[in-house]
Amino acid sequence: MVTFLLERTAPLSQDEAWRRLTEWPRHGEVVPLTRVTVVPPGPTTEGTLVVARSGIGPLGFADPMEVTVWRPPAEGVSGLCRLEKRGRVVKGWAELEVHPGPGGRARVIWRETLRFPLVPDPLLGVAARSVFGRALNRLLRGA
């Protein structure tokens, strides 16, 4: 099991950082070889299933994640989304937080615990920090 923490301060409002971070299909655009679908489509709520499918053709796996906490940011209140991994291959959870930061900016925290039995933990930790760190940067940049 690997646990990692990513922190960023972005020149965005809390609401905009939250929107960019929780626009689930965009995660598929910023994580290599990944496509993301949402069930049911539409606004995210507790119980929404976010499914990341990674791989090429038949050589891939699904990472279904259920939203178990959905608390968008509000005036003076930080946002929190918790996703529980429900798949057969990938296990763990992820928490995405958006806090008020200095100068009206948003402070973002991505915390994740991950088990992927096909990859040794030391390699998984390095790969996860790298891939998800770049993904977080791209999500917040809007690119």
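Predicted model: local features only at pLDDT ≥ 70, side-chain atom pairs only at ≥ 80, totals over all residues.
## Overall fold

Let's start with the layout. The protein contains three helices and seven strands. Read from the N terminus, their order is β-α-α-β-β-β-β-β-β-α.

The 143 residues would give a radius of gyration near 15 Å if they formed a compact globule, and the protein agrees with this because its own value is 15 Å. Its C-alpha trace spans about 45 × 35 × 25 Å along the principal axes. Of the contacts with a separation of 6 or more, 47% involve residues 24 or more positions apart.

## Burial, surface and charge

Buried residues make up 45% of the 143 in the protein. The accessible surface is about 7,500 Å², and carbon and sulfur atoms contribute 59% of that.

As for charge, there are 20 positive and 14 negative side chains. The centres of these two sets are 6 Å apart.

## Helix 3 and its cover

Helix 3 takes in residues 121–141, 21 residues in total. From first C-alpha to last it reaches 29 Å, close to the 30 Å expected at 1.5 Å a residue.

Which residues of helix 3 are buried? They are L124, G125, A128, F132, G133, A135, L136, L139 and L140. An α-helix has 3.6 residues a turn, so residues three or four places apart point the same way. The cover over the buried residues of helix 3 includes strand 1 (2–10), helix 1 (14–21), helix 2 (24–30) and strand 7 (106–115). Just past the end of helix 3 comes G142, with a positive phi of about 80 degrees.

## Loops worth a look

Most residues other than glycine have a negative phi, and most peptide bonds are trans. You will find L33 in the loop between helix 2 and strand 2. Is L33 buried or exposed? L33 counts as exposed because its relative accessibility is 55%, above the 50% cut-off. Further along, V39 and P40 are joined by a cis peptide bond with omega of about -10 degrees. P40 sits in the loop between strand 2 (34–39) and strand 3 (49–56).

Another loop, between strand 4 (59–71) and strand 5 (79–85), holds G76. With 68% relative accessibility, G76 counts as exposed. The C-alpha atoms of G76 and V126 are separated by 35 Å, and the two residues are 50 residues apart along the chain.

Note on methods:
Residues numbered from 1 in each chain as written. Heavy atoms only, no water. Helix = DSSP H or I, 4+ residues; strand = E, 2+ residues; numbered from the N terminus. Rg over C-alpha atoms; globule rule 2.2 N^0.38 Å. Buried < 20%, exposed > 50% of the residue type's maximum accessible area, 1.4 Å probe, protein only. Contact = heavy atoms within 4.5 Å. Areas by Shrake-Rupley, 256 points an atom, 1.4 Å probe, with all protein chains shown as cover. Lys, Arg positive; Asp, Glu negative; His and termini not counted. Charge placed at Lys NZ, Arg CZ, Asp CG, Glu CD. Expected span 1.5 Å × (residues − 1).
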